[in-house]
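Subject: Handing over a structure, with notes

Dear colleague,

I am passing this structure on to you, and my notes on what was found in it follow below. Please read them with the sequence and the coordinates open beside you.

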Amino acid sequence: MTTAPTYSKISYRTVMYVLLILMSIILLFPLFFALSLALQGDTAAPTLIPRDLNNLDWGVFRAVFEQRPEVSRWILNSFVVATSVTVGVLVTSSLMAFALAYLDFPGKAVLLFVALGTLMVPFEATLIPNYLFISSLQWKDTYQGLIVPFLASAFGVFLLRQYFMTLPKDLYEAALVDGCTKLRYLWSILVPLSRPALATLAVYTFLGTWNQFYWPLLITNSTEWRTTQVGITIFRNFEYAVFNTQMAATIIVMLPTLILLVLGQRQLVSGLTSGALKG
Amino acid sequence: MSATPIPSSLNAAAASTDSVKVNQFSRKRLRELGMALLFSAPAMIIFALFTYVPFFRAIWLSLHVTNPAGEPARFNGVDYYIRLLGLDGRTEWLEYIGLSFQFALMVVPLGILFSLALAMLATTKVKLIEVFRTIFTSSIAISLASAGVIWALIFSPATGATTWLVDLLNLNSISLLNDERTALPAVAVMSVWAGLGFNFIITLAGVQAIPQDLYESAAIDGANRWQTFRRITIPLLSPTLLFLTIVNTIGSLQAFTQFHVLIPQNSPNVFVYETFLSFWYDNRYGFASAASIVLFVILFVLTVVQYRVVNRGVHYQ
């Protein structure tokens with residue numbers, strides 16, 4: 001308090017930078033660690049920091065695909081599943097959110113309640129019957145087994161309904177007077193206007209689906225049908241001594257979501273905070 | 001951690017739909033009902049097939065001894081529940097539930113304290129702050145499976161990254177994960193790291209929602225940083241922190257992936273993982289269904305508390 005303001009301001013800033021950098025190093029340590037192990041070559045005794053920094057083995061990322069061709073199949077599976085679920089959730093949520101936001105009908109509150117009620121049922125409480133059901137349909141080791149159960153989301157319905165309700169209702173009535181059908185209104189006016197909310201839902205859903213573990217673990221059995229998340233953990237089991245390819249595969253699998261985070265951070269943040277804070 | 005954001009303004013929204021009294025079943029409204037059902041059908045069919053029907057089927061299965069195909073073979077009443085709650089004198093399942101709560105007790109306070117510290121750091125007005133914020137958020141993009149695989153090597157004796165800790169604690173095991181005393185804390189540390197991104201985002205949003213003029217008037221009154229933090233930030237952030245406490249507790253009790261990847265098969269594990277073992281390896285579908293219903297009840301209570309907390313937070317604003 002008694003020191004000159006300029007001095008205290010500079011030192012405060014320095015302290016903050018030191019703390020920020022220190023925290024960043026701690027938080028990024030596991031990622032550095034993974035990268036360090038990946039680049040050290042095929043050694044049974046890796047070190048925290050590569051012994052020879054001039055001789056890093058960047059070829060390991062290509063070697064993963066050559067030594068373990070199933071990795072590309074896992075990535076394809078995860079992409080197909082995450083993309084289909086994302087598109088599906090966007091479609092089913094928009095349709096239902098439209099009905100809840102624009103149509104006037106008896107029992108609207110009940111419909112909303114039934115949708116939101118699914119949030120009260122944890123995944124684990126439905127897991128066993130769902131597993132038995134999917135098995136009885138012969139959907140194990142198929143895309144539909146991985147996709148169909150996740151094609152609707154109460155969070156998505158609610159998020160889009162809230163967003164649709166902020167858009168002027170006059171627009172809707174004017175469009176109807178002009179002879180626009182409801183489906184057409186949803187598709188050519190509401191969807192373009194709601195791009196921010198749809199982007200939020202898309203980023204959130206893609207990330208969540210890409211990172212799924214428990215369900216794909218149960219529903220896939222053969223190596224070619226595994227998704228990336230399950231794949232990298234079985235990798236670990238039969239190749240526990242080969243650290244470099246294992247870590248390289250893990251990094252490759254993390255890349256899509258890390259890129260998505262950097263590009264879609266705003267959407268993701270608004271999605272996560274929308275329900276949590278101000279509703 | 002994959003916590004689903006819970007909508008909070010449900011009550012207000014539902015109440016505002018029908019403020020004007022109209023004929024409940026006019027022809028126009030009935031026609032729109034048909035249309036609404038059509039529009040809602042895709043989502044509702046999925047909700048019915050994969051949430052409601054299986055939920056009731058789980059309750060039904062939990063009252064039966066099942067055959068290896070998962071069909072009810074013999075009515076069993078509430079025997080499985082008695083067994084799970086240790087009312088027949090065998091308490092190992094109570095211990096698994098206890099382990100789950102111990103785990104939550106480690107993860108939740110640590111995770112919230114860390115994210116609070118990160119959020120305070122991230123509100124400083126310095127250059128490049130956006131970069132630091134992205135770094136602090138990064139763990140949200142990293143799946144529990146990837147995190148688990150990396151941390152398994154951090155804890156592995158082969159890489160030696162945590163050997164110093166094993167020596168320091170004088171453990172007789174080869175790694176933290178192989179010792180009964182340190183296995184759960186080790187998984188907790190990994191889970192705190194994995195959950196930080198989410199907790200940080202929510203805390204930061206909470207901090208940023210605090211009106212700036214409160215800080216300005218506190219500065220005029222000569223309050224120092226600690227007083228401002230203690231008297232303004234913490235009280236105004238308390239709804240956010242309560243929300244995080246409950247969401248994180250729910251998430252910790254549901255934790256599965258990290259236990260699957262990190263904990264050796266034969267050591268006692270948390271409730272959700274033991275449930276998995278009982279149906280996956282032993283085909284005890286009825287018993288595991290009962291366990292999943294017990295988990296449902298625990299989480300349901302927590303969720304109800306959460307709705308209360310969040311709604312109170314909204315009323316406050």
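The crossing of helices α7(A) and α10(A) is right-handed, where a crossing is left-handed if the near helix is turned anticlockwise from the far one by less than a right angle, and right-handed if clockwise. Helix α7 covers residues 154-166 of chain A and helix α10 covers residues 195-210 of chain A, and they pack at an angle of about 165° with their axes 9 Å apart; axes here are lines fitted to C-alpha atoms, for helices over the stretch in contact, and angles run from 0 to 180 degrees between N-to-C directions. α7(A) and α10(A) are therefore roughly antiparallel to each other, since angles under 35 degrees count as roughly parallel, over 145 as roughly antiparallel, 65 to 115 as roughly perpendicular and the rest as oblique. From α7(A), A:Gly156, A:Leu159, A:Leu160 and A:Tyr163 meet A:Ala197, A:Thr200 and A:Leu201 of α10(A), two residues being in contact if their C-beta atoms, placed from the backbone, lie within 7 Å. By class, this contact has five nonpolar, two polar and no charged residues (Ala, Val, Leu, Ile, Met, Phe, Trp, Tyr, Cys and Pro count as nonpolar, Asp, Glu, Lys and Arg as charged, and the others, Gly among them, as polar).

Please keep in mind that this is a predicted model, in which local features need pLDDT of at least 70 and side-chain atom pairs count only at pLDDT 80 or more, while totals for chains, interfaces and linings use all residues. Residues are numbered from 1 along each chain as its sequence is written, and chains are lettered from A and ligands numbered from 1 in the order in which they are written.

The model scores ipTM 0.90 and pTM 0.89. Chain B averages a pLDDT of 88, with 90% of the residues scoring at least 70 (pLDDT is the predictor's confidence in each residue, from 0 to 100). Over residues 1-20 of chain B, however, the pLDDT is below 50, although this stretch has 37 contacts in the model beyond near neighbours in sequence. Where pLDDT is low, the predicted coordinates should not be read in detail.

Between the chains, the contact takes 83 residues from chain A and 87 residues from chain B. On the side of chain A that touches chain B, helix α1 (residues 5-38) of chain A gives the most, with 13 residues (helices, H or I, of at least four residues and strands, E, of at least two are DSSP runs, numbered from the N terminus). That side of chain A divides into 59 nonpolar, 18 polar and six charged residues.

With best regards
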